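Work through the exercises below with the sequence and the coordinates open. Each task is followed by a solution in steps.

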Amino acid sequence: MNHELYMRLAIKEAEKAFNEDEVPVGAVLVIEEEIIACAHNMRETTFDPIAHAEVIVLKEAAQKIKNWRLTGATLYVTKEPCIMCAGAMINARLGKVVYGCEDTKAGAVKSLYQLLSDKRLNHQVEVVSGVLEDECAELLKKFFKERR
């Protein structure tokens, strides 16, 4: 699978979030090289505390394929998922997550917690990190710099 191709699409989603004054995180869900769903953060727009890109894309994909189990799916996201999003991935039985940059303040995949690989849980998610890391991180840095 071409991780960079799908990550570039996730970055386009993150840019939409940036332009809507949302934290610029974008996500794309792929099954067998077919794009099933794309989303970006929408907490500010929807006044919804759980409207993270990953949660939205998981929900949309499950609705589209009419199955909450996403075992054959790969989720591309520009930033390391938080605890909530990692939990949603486990509950969705996601096959793989590919992310861009780490989140040292709230990352639940590698930085602070390792939820997706925790053997005590009933499902583990395969992880690929660092895909287009600099581009993903730069968009977040620009967003927060402009708001300070």
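**Exercise 1. The surroundings of H1**

Which strands and which helix do the buried residues of H1 pack against? Note before starting that the model is predicted.

Solution. 
- Step 1: list the buried positions. In H1 these are Tyr6, Met7, Ala10, Ile11, Glu13, Ala14, Ala17 and Phe18.
- Step 2: Viewed down the axis of H1, the buried residues fall within an arc of 160°, so they line one face of the helix.
- Step 3: recall the helical repeat. An α-helix has 3.6 residues a turn, so residues three or four places apart point the same way.
- Step 4: find the packing partners. The buried residues of H1 pack against strands E1 (26–31), E2 (34–40), E3 (73–79) and E4 (96–101), and against helix H5 (133–146).
- Step 5: turn to the other side. Lys12 and Asn19 are exposed residues on the face of H1 turned away from its buried side.

**Exercise 2. The length of H1**

Determine what span H1 should have at 1.5 Å a residue, and compare it with the distance between its end C-alpha atoms.

Solution. 
- Step 1: H1 covers residues 3–19, which is 17 residues.
- Step 2: the expected span is 1.5 Å times one less than the number of residues, which gives 24 Å for H1.
- Step 3: look past the end of the helix. Just after H1, Asp21 has a positive phi of about 60°.

**Exercise 3. The strand E4**

Is E4 largely enclosed by the rest of the structure or left open? Identify also the strands to which bridges join E4.

Solution. 
- Step 1: count the buried residues. Six of the six residues of E4 are buried, so the strand is largely enclosed by the rest of the structure.
- Step 2: take the pairing with E3. Five bridges join E3 to E4, and the two run parallel. Leu75 stands opposite Val97 of E4.
- Step 3: take the pairing with E5 (residues 126–129). Four bridges join E4 to E5, again in parallel. Here the bridge partner of Val97 is Val127 in E5.

**Exercise 4. The aromatic cluster**

Which residues do ring pairs link into a cluster? Classify the pairs and state how buried each ring residue is.

Solution. 
- Step 1: count the aromatic pairs. There are three in the model.
- Step 2: classify Phe18 with Phe143. The ring centres are 5.8 Å apart and the planes stand at 70°, so this pair is edge-to-face.
- Step 3: locate the two partners. Phe18 lies in helix H1 and Phe143 in helix H5, so the pair ties together parts 125 residues apart in sequence.
- Step 4: Phe18, at 12% relative accessibility, counts as buried, and Phe143 is buried with a relative accessible area of 4%.
- Step 5: classify Phe143 with Phe144. This aromatic pair is edge-to-face, with 5.0 Å centre to centre and 85° between the planes. Phe144 counts as partly exposed, at 35% relative accessibility.
- Step 6: Phe18, Phe143 and Phe144 are linked by ring pairs into a cluster.

Notes:
Residues are numbered from 1 along each chain as its sequence is written. This is a predicted model: local features need pLDDT of at least 70, side-chain atom pairs count only at pLDDT 80 or more; totals for chains, interfaces and linings use all residues. Side-chain values use heavy atoms; hydrogens and water are left out. Buried means under 20% relative accessible area, exposed over 50%, partly exposed in between (1.4 Å probe, protein chains only). The arc is that of the directions from the helix axis to the C-beta atoms. Contact means heavy atoms within 4.5 Å. Two strands pair if DSSP finds at least two bridges between them. Rings of Phe, Tyr and Trp (its six-membered ring) pair if their centres lie within 6.5 Å; planes under 30 degrees apart count as stacked, over 60 as edge-to-face and the rest as tilted.
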